[in-house]
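Here are my notes on the model you sent. They are set out as numbered points, to be read with the structure open.

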Amino acid sequence: MPTNLRRLCLLFASLLIAFLGISSTAQARRASKDSSSSTTVVIDAGHGGYDRGGIPGQRVAEKEMTLDVAQRLKKVLAAGGYRVVMTRDSDVFVPLGTRVAIANSYSNAIFVSVHFNSAKRSGASGIETYFYGRESLPLASAIHYYVAGGAPSSNRNVRRRGYYVLRKNRNAAVLVECGFLTNPTEAALAQSASYRQKLAEEIAAGIRGRNTVASALTTTRVATAESIPLQPYIDQTKVSRSERRKSKRSHKKSTRRKKSSSKSRGSEAKTSSKNQEG
Ligand SMILES: [Zn+2]
């Protein structure tokens, strides 16, 4: 081999080694940051504008609480290196279709819809987290693990339901209900800025831990999507046997429409306006 050609080969080989070294270091750095720099989180503050959220006559406006938690979550995630997109960042009405379209314009994103619950019965309380597609279960489990674990409220578990923003989402998508604004204790908590900051931090912890929490919970009821059957609007875990039979018959209607029997204890799951859900 002529000397010049050998030198050229050596130069090429050393350049190749240097390049591989740099890219593997970058890969390791990315992995150690839980891919946060390459992950987009779409934060969806529930309701907004003319849609206050909650039930008629509710004192604390759900739309204000969801926006504040969403904006706090945005700050926490952005500080952690995540790319954050908000479906709304002010008190405006955004249709559900637009919210989903925003989420679906990003591939491999994480969608988190922030809501608060409401019920006619003021005693209704607790944290519940919804998912639809089974690929969203690890994210739902992780967010629920942190939010329900960090809140003094009762644990209403991870639930599977076909909410529009979850069903139409092509990304891992979760809707978290951060407590009942119709419950005096939980409404007082929600109205405290420090508690809303805590909620934001717990949701962020769930996003960061989405790949580890679910595998650590294999012995619990949130182990598999199969263990969480799809729920129609009426909460099957709360209705009596006779009401359950009734709700089965009206399954198709009750899944899409948000009406439920006011007699059923399941009606404590939210009643919502025409265009919004959650
Ligand atoms: Zn809501």
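1. Six strands form an open sheet in the order β2-β1-β3-β6-β4-β5, and their pairing is mixed. Because β2 and β5 (155–160) are at the edges with a single partner strand each, one side of each has no neighbour in the sheet. From one strand to the next the twist averages 20°. Strands count as paired if DSSP finds at least two bridges between them.

2. On provenance: this is a predicted model, in which local features need pLDDT of at least 70 and side-chain atom pairs count only at pLDDT 80 or more, while totals for chains, interfaces and linings use all residues. Residues are numbered from 1 along each chain as its sequence is written.

3. Overall content. The protein has ten helices and six strands. These are DSSP runs numbered from the N terminus, with helices being H or I of at least four residues and strands being E of at least two. Of the 278 residues, 42% are buried. Buried means that 20 or more other C-beta atoms lie within 10 Å of the residue's own, exposed means 12 or fewer, and partly exposed is in between, with C-beta atoms placed from the backbone. Among contacts with a separation of 6 or more, 77% are between residues 24 or more positions apart. A contact here requires C-beta atoms, placed from the backbone, to lie within 7 Å.

4. Strand β1. This strand covers residues 40–45, and five of its six residues are buried. β1 runs parallel to strand β2 (residues 83–86), to which four bridges join it. Opposite Thr40 stands Arg83 in β2.

5. Helices α2 and α7. How do α2 and α7 lie to each other? Helix α2 (residues 62–79) packs on helix α7 (residues 193–208) at an angle of about 50°, and their axes are 8 Å apart. The two are therefore oblique to each other. Angles under 35 degrees count as roughly parallel, over 145 as roughly antiparallel, 65 to 115 as roughly perpendicular and the rest as oblique. Axes are lines fitted to C-alpha atoms, for helices over the stretch in contact, and the angles run from 0 to 180 degrees between N-to-C directions. The crossing of α2 and α7 is right-handed, the near helix being turned clockwise from the far one by less than a right angle. On the α2 side the contact is made by Asp68, Val69, Arg72, Leu73, Val76 and Leu77, and on the α7 side the residues include Leu199, Ala200, Ile203 and Ile207. By class, the contact of α2 with α7 has nine nonpolar residues, one polar and four charged. Ala, Val, Leu, Ile, Met, Phe, Trp, Tyr, Cys and Pro count as nonpolar, Asp, Glu, Lys and Arg as charged, and the others, Gly among them, as polar.

6. Helices α4 and α7. The axes of helix α4 (residues 137–150) and α7 cross at roughly 150° and come within 7 Å. That makes α4 roughly antiparallel to α7. Their crossing is right-handed. From α4 the contact uses Ala142, Ile143, Tyr145, Tyr146, Val147 and Gly150, and from α7 the residues include Leu199, Ile203 and Ile207. The contact of α4 with α7 divides into nine nonpolar, two polar and two charged residues. Leu199, Ile203 and Ile207 of α7 also take part in the contact with α2.

7. Backbone angles to check. Most residues other than glycine have a negative phi. His47 has a positive phi near 65° and is found in the loop between β1 and α2. His47 counts as buried because 29 C-beta neighbours lie inside 10 Å. Asn108 has a positive phi of about 55° and lies in the loop between α3 (96–104) and β3 (110–117). With 11 C-beta neighbours inside 10 Å, Asn108 counts as exposed.

8. Which residues does Val100 contact, leaving aside its neighbours within four places in sequence? They are Val165, Lys168 and Asn169. Val100 is in helix α3 and is buried, with 23 other C-beta atoms within 10 Å. Its C-alpha is 9.3 Å from that of Arg167, 67 residues away in sequence. Tyr164 lies in helix α5 (residues 164–167). With 18 C-beta neighbours inside 10 Å, Tyr164 counts as partly exposed.

Conventions. Two residues are in contact if their C-beta atoms, placed from the backbone, lie within 7 Å.
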